[in-house]
Amino acid sequence: MKKNHKIKFAVMLLIISVILLPLIISCGENKSDEIKTPDDGVANNDVKLADENENPDDISEPQAEELYDYPEYDFKGESVNILARKDNWAGGSQDYDDLYVESETGEVLNDAVYKRNQTVEEKYNVQIKVEPVADANSTIQKSIKAGDDDYQIIQEKLVFMSATLAPQNYLFDLKSVASLNLDAPWYNQNAIKDLSINNKITTLGGDITISDKSGVIMTVFSKKLSLQYGLENLYNTVNDGKWTLDKMYELMMQTTADLNGDGKMTVKEDQWGLVCEDYAGWMFAIGSGNRLAELDENGIPYITCTNEKNVSDYEKIKKVLYEKEARATVSDPEDHVNIFIDNRCFLSVDALSSITMLRGMEDDFGIIPLPKQDENQKDYISSISPWISRFIAIPSTCGNPEMVGAVIDAMSRESVNTVVPAYYNNLLNQKIARDDESIEMLKQIFSSVIYDIGSVFSWGSIWDEQMMFISAKKEDYIGNYERIEGKVQKALEKTIETMQQFD
C-alpha cells in the first residue's frame, strides 16, 4: 500500500479540483448582491484556502484510478450486507441514502448512488444490500455476540463505533485488510491520522459516504440582520484573520434585542445574537486549538483537557455562552433552526445536518468557520460532532474481510466521479450555499476538520462531563476533571489494551 508521495500529492490536488470547480462556476452565476468581497476573496496567510497556483482546468495529472490498482475480482454473486443507521432524528436531516438505493428516481444524489453501486456490482459480480435500522449499534452487538456474519459493513455514529464497539474488539483493524488502499484520496486522511490508536484504525470516512460530513461544525449568519445593523462584511473579517471569539461576542451584543419590550429575554419571542447548544463550548474549544486528548509519537492517546491553554481558553468561551443573555439556549434542533429562519438570531453555530434544514429559508444567509481564540492563532480549525457524523466499519464477525475491503475500496473509488460531484453540486451548492463566498468558506472548513480523539472515544464520559461542567457554569475546571479522572483513565487503558491485541 505504499505509494510515491509526489504522486499522492498530485492526485489529492486533482480530486480537490474535480470536486470544487463546478461549485465555483455555478455559484459565480448566482452571486449575492447583498454582501460583496472587494478583494475578490483573496485570503491572507492566516486562512487555509485553495492554492492560488492551482489550475483547475489542467487535466494533465494522472487520474486516481491510474495511480491505484483496480484489481479484477469475481465474487460469484456473493452479497455484501450493510447495516446502516436511519433514525429520522431532527426530521431525518442526518439520514442519507448514501450507501444503497433501490432504483433511479431522477433525484441527483439518489441516481449517483445507484450508478456507483451498479458499476461495482457488475465489475465484481457482487450484490450490495443495505438494511436500515434505528439503532445499528445495538443490532450489530447482538449479531456479533451470536457469532453471526449477517452484516459485513456497518454504518453508525462515530461515537458508538469508537466508544462502544471498538473497545469490545467488535471491529476489524482496517489497516490489516490488504484490499483497502487506505492512503488513497477517496478516504478521509485527517480522520485516519487523528484516530489511529497504536497505528490501528477501525472506522472510515470519505467519498463512499455523505453521512460522515453531516456532523461538520460551522457558523452561519443572517444577511438580513447584517444589513439592518450595518455590520462589517464577515467574509472579509474571516479572510483578514479577525474572526475570533471576541469578535463573535461583540456582534452578539450588537444584535440582541428585546423585541416585545417586556424587559426579559425569551427564546421564542426575542432576538438573539447567537443560537447554539451548550455543547458548543466544546466546539469553540476545538476552534481555539484545544482537544480533550491527543496521540503521542507512538499513537498512544493521552488526556490534554487539563493543560494550561484549555483551562484559560474556557474562561472566554464561558463569557460567549453565558454572559449578558445574548445567546438563545435550545436543545431541539428544529427550534434552533426556526429561530434563525425567522431572522430572530444573527449567528448560529451548528452541524451541517442542521444547516441543511435552512435550505427553504427565504432570506439569505452566509457560511463561515468557527471563530479562532484570538488573532494570534494562525489557522481556523473545524471539527465534527461524533454524535452526528456516521462512519463505516467492518464487524469482527465478517468472514471474508478481503472481499468486503475490495468492495469498500471500489465503492469509494467510483464515488469520486458519481456521489461526490452530486453531493457538492446538488446539495451544498444548490440547496445550502447562497453565494460563492460561502463556497470558499466551505472549502476551508472541510479542509481544516480535525478529529478530537477524546470526544470521539469519550473515555469515562469525558465529553459529556465537559459539557455539563460548562452548562452548569462551574469554576473549578481542574477539580471537575479530577473527580472523573479514575474512570477516564480506566476506560482509556481498556481501549489501548484492545487496540494492542490486534494481530
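Q: Is Lys 487 buried, exposed or partly exposed?
A: This is a predicted model, in which local features need pLDDT of at least 70, side-chain atom pairs count only at pLDDT 80 or more, and totals for chains, interfaces and linings use all residues. Residues are numbered from 1 along each chain as its sequence is written, and side-chain values use heavy atoms, with hydrogens and water left out. Buried means under 20% relative accessible area, exposed over 50%, and partly exposed in between (1.4 Å probe, protein chains only). With a relative accessible area of 42%, Lys 487 is partly exposed.

Q: Which residue forms a salt bridge with Lys 487?
A: A salt bridge here is a side-chain nitrogen of Lys or Arg within 4 Å of a carboxyl oxygen of Asp or Glu. The N to O distance for Lys 487 is 3.7 Å, and the partner is Glu 465.

Q: Which helix holds Glu 465?
A: Helices (H or I, at least four residues) and strands (E, at least two) are DSSP runs, numbered from the N terminus. Lys 487 lies in helix 19 (residues 477-501), so its pairing with Glu 465 ties together parts 22 residues apart in sequence. Glu 465 itself lies in helix 18.

Q: Is Glu 156 buried or exposed?
A: Glu 156 forms a salt bridge with Arg 85, the closest N and O atoms being 2.9 Å apart. The relative accessibility of Glu 156 is 0%, so Glu 156 counts as buried.

Q: Where does Asn 310 lie?
A: Asn 310 is buried, at 2% relative accessible area. Its place is among residues 308-322, which form helix 11.
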